[in-house]
Amino acid sequence: MAATLNNWAGIWWAWMAPMFWQVSLLIVLIGVLDWAGRRWVWPQVRYAVWLLVLLKLVLPPSLASPVSLLSRVEPGFRSAVTGTSVEKLVPPASSARQEPEASRQPDRMPRSGAFGASPVPAGDTAAAGLTAKTRIFLVWIGGMAVFAFLLILKMARLRRWHRLHRNDRIPDWFYRMLVETANTLKLGRVPAIVFAPDAATPAVYGMFRPVLLLPSGYLKNLSRDEARHVLLHELSHLKRGDLWMHGLYLVLH
């Protein structure tokens, strides 16, 4: 069991370790560029640049261009982390010829108690065989399970809360404006509307059955022009596919 876990952890570590520092470096680089160009770069361009992080997360960490800066930084980064240079990892070509005669003899199992070794109890074999990478791997699995449980619990609460508020009365003028805005943006379906007393601002949620969330009494002090701007803003999230993109980010998370 311990050997199997160590094997899985090794495969996981070979992907996650380089992916972690590569994505972290990319986020820092894009964050600096986004901060520097926040005044004169279009929001659409900044949004597209941040999608490079998503693209990097779905590409293998070993994929690199020969002229890439990361391909030159990675060997030095690995040597700094492990304390081992690349040359030390490759044995010299003459090592096979310089191998002592005794090392070419058949392997012999040492006698019990040889070299001062004490037998390991059978119950401690699995615990003693887990490497540090395997322990980190198990902690990661536990954290992922907790995150998934909390996400499913929040979605279940949101669905139950939606059923309690979906029958609220919607003003006719606002519904007609909602249909007109959806037709203007060429949406496939008109989202449902839910008013909630604990909602702070308008929002949209739901990938398959979108819902427009509005605070209770939000339309009382809202002019027609302001209501149209609210609808354009919220329905643009549906038109652009932001909810699907957010769902993909959650899966990658």
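Modeller: Thr134 counts as buried because its relative accessibility is 0%; buried means under 20% relative accessible area, exposed over 50%, and partly exposed in between, with a 1.4 Å probe and protein chains only. The model is predicted, so local features need pLDDT of at least 70 and side-chain atom pairs pLDDT 80 or more, while totals for chains, interfaces and linings use all residues. Residues are numbered from 1 along each chain as its sequence is written, and side-chain values use heavy atoms, without hydrogens or water.

Thr134 belongs to helix H6, residues 132-165; helices (H or I, at least four residues) and strands (E, at least two) are DSSP runs numbered from the N terminus. The side chains of Thr134 and Thr131 are joined by a polar contact of 2.9 Å. Such a contact is a pair of N or O atoms within 3.5 Å; within protein, one must be able to donate a hydrogen and the other to accept it, and residues adjacent in sequence count only if both atoms are side-chain atoms. Apart from neighbours within four places in sequence, Thr134 is in contact (heavy atoms within 4.5 Å) with Leu5, Asn6 and Ala9.

Elsewhere, the buried residues of H7 are Trp173, Phe174, Met177, Leu178, Thr181 and Ala182. These buried residues pack against E1, E3 and H8. Just after H7, Lys186 has a positive phi of about 60 degrees.
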